[in-house]
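Morning, everyone. Please bring the structure up on your screens, and we will walk through it.

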Amino acid sequence: MRLLSSVSWVPFSVASSTPKAAAPYMQLWIGATNLRMDKKGEEGKEPSAKAREAIVEFMPEVHQMQQLVATETSGGWEKCWEQGVTPWDLGRPTPIILHLHQTGALPKGRALVPGCGSGYDVVAMACSERHVVGLDFSHTAIEKAIELSSSLPNSSYFTFLKADFFTWFFCAIEPEMRSRWACKVQEMLKPDGELLTLIFPISDHVGGPPYKVSVSDYEEVLHPMGFKAVTIVDNELAIGARKGREKFGRWRRDTTQSLL
C-alpha cells in the first residue's frame, strides 16, 4: 500500500485489524487535510483577547469547529459533520492529489485514505488500475461520501468505511499521539512502501486542531520507524491560503538499516 497523510503515501502489509475491504495489499494511504487557518499566535503564548476576536472574525468556521471538538470529546468531529462545520472540506479533490493522478505519478494497486471526509480524493484517484478505500471517523461523513459518489461511473473502484483508529490527519490528532500514528504507518505498510505527506499548517500558531506542524515533527516520529525523506518541497499547487505554509514530502523506509 502507499499512504498519503496530511498527506501520506506507502505500500504496506495490512494488519489483522485492517478492514477486509482494504486487505490484503494497499498501494496508497492518503489523508490530507484542507483546513484553512491564516492567523498565527505567538510561539508558546496564548493569543490576547483582541487577537482571539480577530481570529474568530476572520475564520469563524474554524473557531466553531474547535469549540465543537473541545466540548464534545467523544463526538466532536461527528457534530462538525452533522452541523456542516467542515472548514477542511474544499468541495473538490485536493489539487496536488488530482495532479499526481492525472500525470501518472500515483502508484497503481490498492489505496487507503484515512480521514477521507466527503471522499473527493478517493473518487479522484479511483480507476481500473487503482482501488481506493476511504475511511472516516464520522458516520455522517461516510454517508455523504457514499451519497455523492454512488452513481459515478468509477464507483466499482472505491469503497467507503467508517473506522475509528487513526483515521484523522497528522495535524488533527493531538501532538502527543503522533508517535502512535507513525507506529501504525510502520505496522501497516509494506517494507518497500512510500509515504507521501502534505505537511500543513507550517506555522507558529497556538492550539488546534489543526495543530502546527513542521518537517522536523514528521522526522521525529518517522525516523525511529525506519522512514527517511526522499524529497521535501514546497507544494506549488497549494490553495491560496496555504501557499508558503505547506510542503509535499515523499518518505521511504531506509533499507540500509535492515542490511546492517
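Where does N154 lie? N154 sits in the loop between α6 and β7 (158-162). Helices here are DSSP runs of H or I with at least four residues, strands are runs of E with at least two, and both are numbered from the N terminus.

A word on the source. This is a predicted model, where local features need pLDDT of at least 70, side-chain atom pairs count only at pLDDT 80 or more, and totals for chains, interfaces and linings use all residues. Residues are numbered from 1 along each chain as its sequence is written, and side-chain values use heavy atoms, with hydrogens and water left out.

Back to N154. Is N154 buried or exposed? N154 counts as buried, because its relative accessibility is 15%. Buried means under 20% relative accessible area, exposed means over 50%, and partly exposed is in between, with a 1.4 Å probe and protein chains only. N154 touches V123 and A126, leaving aside residues up to four places away in sequence. Touching, or contact, means heavy atoms within 4.5 Å. N154 and C127 are 27 residues apart in sequence, yet 6.3 Å apart in space, C-alpha to C-alpha.

Now the whole protein. It has nine helices and 10 strands. Of its 260 residues, 52% are buried. Take contacts between residues at least 6 apart in sequence: 70% of them join residues at least 24 apart.

Next, a helix pair. Helix α3 (residues 76-83) packs with helix α6 (residues 139-149) at an angle of about 40°, and their axes are 7 Å apart. Axes are lines fitted to C-alpha atoms, for helices over the stretch in contact, and angles run from 0 to 180 degrees between N-to-C directions. So α3 and α6 are oblique to each other. The cut-offs: under 35 degrees is roughly parallel, over 145 roughly antiparallel, 65 to 115 roughly perpendicular, and the rest oblique. On the α3 side, E78, W81 and E82 make the contact; on the α6 side, H139, T140, A141 and K144 do.

On to cysteines. C80 counts as buried because its relative accessibility is 0%. C116 is buried too, because its value is 10%.

Last, the prolines. Most peptide bonds are trans. The bond from G208 to P209 is cis, with omega near 0°. P209 and P210 are also joined by a cis bond, with omega about -5°. P209 is in the loop between β8 (194-199) and α8 (215-222), and P210 lies in the loop between β8 and α8.
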